Amino acid sequence: MGVLLGIALGVGGLLVLLALTDDSGAMTPRRRSRLGQLTAEAGLEGVSPRGVVLTSVGAAVLVGVSFYVLTETWSVAAAFGLIAAAAPTVLLRQRAHRRRAELREVWPDVVDNLASAVRAGMSLPDALAQLGERGPEPLRGPFTRFADDYRTTGRFAESLDALKQRLADPTGDRIVESLRIAREVGGT
């Protein structure tokens, strides 16, 4: 009986994984954007949506089989398996919420630094690049990468788009779009 349950859980996990992927094995666009956005908001650039799904399936199978071995009741094992499957997504949402709260505290400093740099005569790209060195600690990485992108390509709009993706924050999106408008209208 236990072997059959293990096989059934394994096949079920495989079917869930296959349902979330298309024929090429890539995540479907809708799932990719939602899970990808959640991992970006949580500040986890190295975690792919596929990794989140595999972690959820793995946790469900491991916890479900463990509880079945302990209790020999499939309904209890399935319930705890479902709870374990939701755990990675819940943890990502909590981390994203904490990161948004942390970033909410540092955005005024970013705006002050940008305004001071522009008043001192720096161009917008240079002012943004400077935030990678002198800006608030939680945001130095994305702004350093912006500086690298801008130095490499020389394209302000594309570098701003990449910065917007890396920040994955609503306030950051507004600031980036304000900078884009300021540059297009003709300011430094």
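The model is predicted. Helix α5, spanning residues 124–134, is mostly covered, with eight of its 11 residues buried, and the largest nonpolar core has 20 residues.

**Helix α5**
- The buried residues of α5 are Leu124, Pro125, Ala127, Leu128, Ala129, Gln130, Leu131 and Gly132, and they pack against α4 (74–119), α6 (140–153), α7 (156–167) and α8 (170–185).

**Nonpolar cores**
- Within the largest nonpolar core, of 20 residues, the residues with the most contacts are Trp107, Leu114, Leu128, Leu139 and Phe143.
- Two or more residues of this core come from each of α4, α5, α6, α7 and α8, and the largest share, six residues, is that of α4.
- Leaving aside residues up to four places away in sequence, Phe143 touches Trp107, Val110, Leu128, Ala129, Leu131, Gly132 and Leu163.
- Another core, of eight residues, lies apart from the largest one and includes Leu35, Ala42, Val52 and Val53.

**Aromatic rings**
- The count comes to four aromatic pairs; one of them, Phe146 with Tyr150, is stacked because the ring centres are 6.2 Å apart and the planes are at 10°.
- Phe146 and Tyr150 lie four residues apart in helix α6, about one turn of the helix; Phe146 counts as buried at 0% relative accessibility, whereas Tyr150, at 22%, counts as partly exposed.
- The rings of Phe146 and Phe156 have centres 6.1 Å apart and planes at 90°, so this pair is edge-to-face, and it links distant parts of the chain, with Phe146 in helix α6 and Phe156 in helix α7, 10 residues apart.
- Phe156 is buried, with a relative accessible area of 7%, and Arg183 lies over the face of Phe156, at 4.8 Å from the ring centre.

Conventions: Residues are numbered from 1 along each chain as its sequence is written. This is a predicted model: local features need pLDDT of at least 70, side-chain atom pairs count only at pLDDT 80 or more; totals for chains, interfaces and linings use all residues. Side-chain values use heavy atoms; hydrogens and water are left out. Buried means under 20% relative accessible area, exposed over 50%, partly exposed in between (1.4 Å probe, protein chains only). Contact means heavy atoms within 4.5 Å. A nonpolar core is a set of buried Ala, Val, Leu, Ile, Met, Phe, Trp, Tyr and Cys residues joined through side-chain atoms within 4.5 Å. Rings of Phe, Tyr and Trp (its six-membered ring) pair if their centres lie within 6.5 Å; planes under 30 degrees apart count as stacked, over 60 as edge-to-face and the rest as tilted. A charge sits over a ring if NZ of Lys or CZ of Arg is within 6 Å of the ring centre and within 35 degrees of the ring normal.
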